[in-house]
Amino acid sequence: MSVGIDDISFYTANFSLDLQELAANNGSDAAKYTVGIGQERMSVPGADEDVVTMAANACVPLLEGMAQRGEDANAINTILFATETGIDQSKAAGVYLHSLLKLNSRCRVVELKQACYSATAALQLATAWVARKPKEKVLVVASDIARYDRQTPGEATQGCGAVAIIVSANPRLVALDAETGIHTEDVMDFWRPNYRSTALVDGKYSTKVYLRCVRSAWQDFQQQSGLQFGDFDYFCYHLPFSRMAQKAHNHLANGNAHELSAQALEDQISSSLIYNRITGNSYTAAMYIGLISLLDNTAQDLAGKRVGFFSYGSGSVGEFFTGTLVVGYQDMLHQQSHQHMLASRKPLNYANYQQMYAFEVPTDGGDHAFAEQTNGKFRLAGISQHKRLYEVR
Ligand code: HMG
């Protein structure tokens, strides 16, 4: 029996800011963004979007797919919700999600945190659970809004998005291997104290720590699995911005892949970067949107191909793991709805972006209705007496 990803879909907000527009207004050279960090646009959430609404919208294609195939959604008896944009210090965001999706009450729900890494912890926990109870399915959700202070180097690496993954036995997309390589190290490269809504980051240091972590996790992975660089066809890296993955891949290849040309190395990751370039960082969801990007944007049949994954969360924890594409995986893709969603985002000018950035959920305990901005099925309608009010459009 194999265990892994049976279905996967993502969602991003309905607004985007072109980084050329950002550069034109903050005095940067646009090429620094488009070439230096390799980003074109970033998704910007509306006032009525948060990690719960994005997660619920990401789940829609999965549940519709199950319904169309006559599969029982009650088989989902666990939701693992990974985020570092938590909306409550106590209640798990996944409980709101569970309610919006009208899932069975016989379902455990919990939230996980370790910067961008926690979706991978969730995925690994889910595979272990399914290996023990193969009839059950786990819904792994990763949802985040990457937000830095205005006029800082991090501003151009903002973005948002959510990914939803069904983990099952005999998966139809990716069969995951049990061997993984792990590296944990206590560093202050990026963090967000409870009293802040924006992250603090030692930017250049964070890129160095990321590279150190990818190598250490890879070394552990090799010891655990015996696999070599040449055993892999494609790679998906955590994507704070697309240049970071290119740097990580070259760093890993250095000393491991003498026979591969620069173009061959680029071909191993280029399709995974396409969506990130136009959504920006989505923290926990980023690497998994990279996987979707690889699958949606590769015309050739990838069945049987081995993908290497490097998940990184500042602070820091990194994990290298691997999976193989399953025959017929194309039937499970949601390529058209992803591409339609991306194409129908509304471009913002700088003034609109500033306005949207300035919005924060009121904390006065009063009743506040939020403007209807999202096109998604689920929205945050407002807040009343400190309680978030969600609705289905
Ligand atoms: P910066 O100071 O804006 O940029 O910081 P820079 O001066 O380092 O320039 C960036 C690159 O653009 C450089 O290339 C420049 O040479 C190039 P590199 O030397 O790196 O190859 N450049 C140009 N290229 C072409 N034409 C030009 C031009 N000008 C400059 N005219 C930084 C960049 C990424 C540090 C900043 O945006 C930042 O702090 N971002 C947030 C932190 C981050 O994303 N870190 C990534 C690793 S940590 C991580 O991935 C975890 C994270 O997702 C959080 C979590 O785990 O929860 C962030």
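Begin by selecting S168, a residue of strand β7. S168 is buried, since its relative accessible area is 4%. The model on the screen is a predicted one. Show the surroundings of S168 next: leaving aside neighbours within four places in sequence, S168 is in contact with S2, V3, G4, D6, V130 and K137.

Two of the residues just shown lead onward. D6 and K137 belong to a network of salt bridges that also includes R69, E71 and R172. Select these five residues together and display their side chains.

Within this group, centre the view on R172 and E71, whose side chains meet in a salt bridge with an N to O distance of 2.9 Å. R172 is in the loop between β7 (159–169) and β8 (174–176), while E71 is in the loop between α3 and β4 (76–82). The pair links distant parts of the chain, 101 residues apart. How accessible are the two partners? R172 is partly exposed, with a relative accessible area of 28%. E71 also counts as partly exposed, at 22% relative accessibility.

**Two further salt bridges**

The structure holds 13 salt bridges. Select D50 and R388 for another of them, in which the side chains meet at 2.7 Å, N to O. D50 is located in the loop between β3 (41–44) and α3 (51–68), and R388 is in strand β18; this pair links distant parts of the chain, 338 residues apart. Are D50 and R388 buried or exposed? Both D50 and R388 are buried.

Now move to R147 and E360. R147 forms a salt bridge with E360, and their closest N and O atoms are 3.4 Å apart. R147 lies in the loop between β6 (137–146) and β7, and E360 lies in the loop between α12 (350–358) and β16 (367–369), so the pair ties together parts that are 213 residues apart in sequence.

**The ligand**

Turn next to the ligand and select the residues around it. How many residues surround the ligand, and which are the closest? There are 29 residues around the ligand, and the closest are E84, C116, S206, H238 and K247.

A polar side-chain atom of E84 lies 2.4 Å from an oxygen atom of the ligand. For K247, a polar side-chain atom is likewise 2.4 Å from an oxygen atom of the ligand. At P153 it is a polar backbone atom that lies 2.8 Å from an oxygen atom of the ligand. On its own, the ligand has 1,100 Å² of accessible area, of which the protein covers 76%.

**Helix α7 and H249**

Select helix α7, residues 242–253, and find H249 within this helix. H249 is buried, with a relative accessible area of 1%. Show the side chain of H249 together with L265: the side chain of H249 reaches the backbone oxygen of L265 at 3.4 Å.

The last stops concern the backbone. Most residues other than glycine have a negative phi, and most peptide bonds are trans.

Select Y283 in the loop between α9 (270–279) and α10 (286–296). Y283 has a positive phi of about 45° although it is not a glycine. This residue is buried, with a relative accessible area of 4%.

Continue to Q385, in the loop between β17 (378–384) and β18 (387–392). Its phi is near 50°, again a positive value in a residue other than glycine. Is Q385 buried or exposed? Q385 is exposed, because its relative accessible area of 53% is over 50%.

Finish at S316, in the loop between β13 (306–313) and β14 (317–325). Which form does the peptide bond from G315 to S316 take, cis or trans? That bond is cis, with omega near 0°.

Notes. Residues numbered from 1 in each chain as written. Predicted model: local features only at pLDDT ≥ 70, side-chain atom pairs only at ≥ 80, totals over all residues. Heavy atoms only, no water. Helix = DSSP H or I, 4+ residues; strand = E, 2+ residues; numbered from the N terminus. Buried < 20%, exposed > 50% of the residue type's maximum accessible area, 1.4 Å probe, protein only. Polar contact = N/O pair within 3.5 Å; in protein donor to acceptor, adjacent residues only side chain to side chain. Salt bridge = Lys/Arg side-chain N within 4 Å of Asp/Glu carboxyl O. Near = heavy atom within 4 Å. Areas by Shrake-Rupley, 256 points an atom, 1.4 Å probe, with all protein chains shown as cover. Contact = heavy atoms within 4.5 Å.
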